[in-house]
Amino acid sequence: MDPGAGAHYSARTAEEVFRDFRGRRAGMIKALTNDVEKFYQLCDPEKENLCLYGYPNETWEVTLPAEEVPPEIPEPALGINFARDGMNEKDWLALVAVHSDSWLLAVAFYFAARFGFDKEARRRLFNMINNLPTIFEVVTGVAKKQNKEKGPNSTSKSNKPISKMTSRPESHLKATKVAAPPKDDDESGEEYEEEEERDNTLCGSCGTNDGKDEFWICCDSCERWYHGKCVKITPARAEHIKHYKCPDCSNKRARA
């Protein structure tokens, strides 16, 4: 039985439901990444309809669906094992990931309805959920690519192209890191991290990391970071640059 589904379940706030969501999500990500070989073997097409469950304690399970009708909480996609051998493995895992994302949202907003969340609480819950990459994005590598492009500080709240600019380059993230929602969302300011590696980021032009609150831009070729003022790029100009090349990379291409 789902440890988060019973009548004893005590979540009453958006933050508590988000913690439930986050735990289930972490378990399902483990199944589709770190534990993928075990997950693959458990999804035997010769078996009956199987489902992938994620639990609030960050564990996962491949098992038959609940027997209760209607079930106590929404059920995940049924029969994920049947498609295993008929698809490319990566495509199959991506498909399971998409269905897992759908299930997590269904469970979270089932709780939102069950606990009578008002419009503000639902908005707060959605903002916290939306601030995390989807399981699909993690499994397919999209989340890692987005965070690499995002640059030294993944907490940027700008609506401008964050693949090109950032401020406060306090650390350079080389693995999946998810920023917390805006601070005015009570506990939603807590940061969720799956894996993180930090190092000081220096401007490729002046060699310093001064001006942490200034505009920075990353070269899409060499992946080095630069103060906007050092390479004469403004935030407004960066909005119109699809693929930025620093002066060094531009000169190399010219000489070639």
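These legends describe close-up views of a predicted model.

View 1. The chain has 256 residues, and 41% of them are buried. Its accessible surface comes to about 14000 Å². Carbon and sulfur atoms hold 48% of that surface. Take the contacts between residues at least 6 apart in sequence: 61% of these join residues at least 24 apart.

**View 2. The largest nonpolar core, 40 residues.** Leu 32, Phe 39, Leu 52, Phe 117 and Leu 125 touch the most other members. Two or more residues come from each of helices H1 (14-32), H2 (36-42), H3 (89-114), H4 (119-130) and H5 (135-140). Strands E1 (51-54) and E2 (60-63) also give two or more each. H3 gives the most, with 10 residues.

**View 3. Surroundings of Leu 125.** Residues up to four places away in sequence are not counted here.

**View 4. A second, separate core of 15 residues.** Its members include Phe 215, Cys 218, Ile 241 and Cys 249.

View 5. A disulfide needs two cysteine sulfur atoms within 2.5 Å. The count by this rule is zero. For Cys 222, the nearest cysteine sulfur is that of Cys 219, 3.6 Å away. Cys 222 is partly exposed, at 28% relative accessible area. For Cys 246, the nearest cysteine sulfur belongs to Cys 249, also 3.6 Å away. Cys 246 is buried, at 0% relative accessible area.

Technical notes. Residues are numbered from 1 along each chain as its sequence is written. This is a predicted model: local features need pLDDT of at least 70, side-chain atom pairs count only at pLDDT 80 or more; totals for chains, interfaces and linings use all residues. Side-chain values use heavy atoms; hydrogens and water are left out. A nonpolar core is a set of buried Ala, Val, Leu, Ile, Met, Phe, Trp, Tyr and Cys residues joined through side-chain atoms within 4.5 Å. Buried means under 20% relative accessible area, exposed over 50%, partly exposed in between (1.4 Å probe, protein chains only). Helices (H or I, at least four residues) and strands (E, at least two) are DSSP runs, numbered from the N terminus. Contact means heavy atoms within 4.5 Å. Accessible areas come from the Shrake-Rupley method with a 1.4 Å probe; for residues, only the protein chains shown count as cover.
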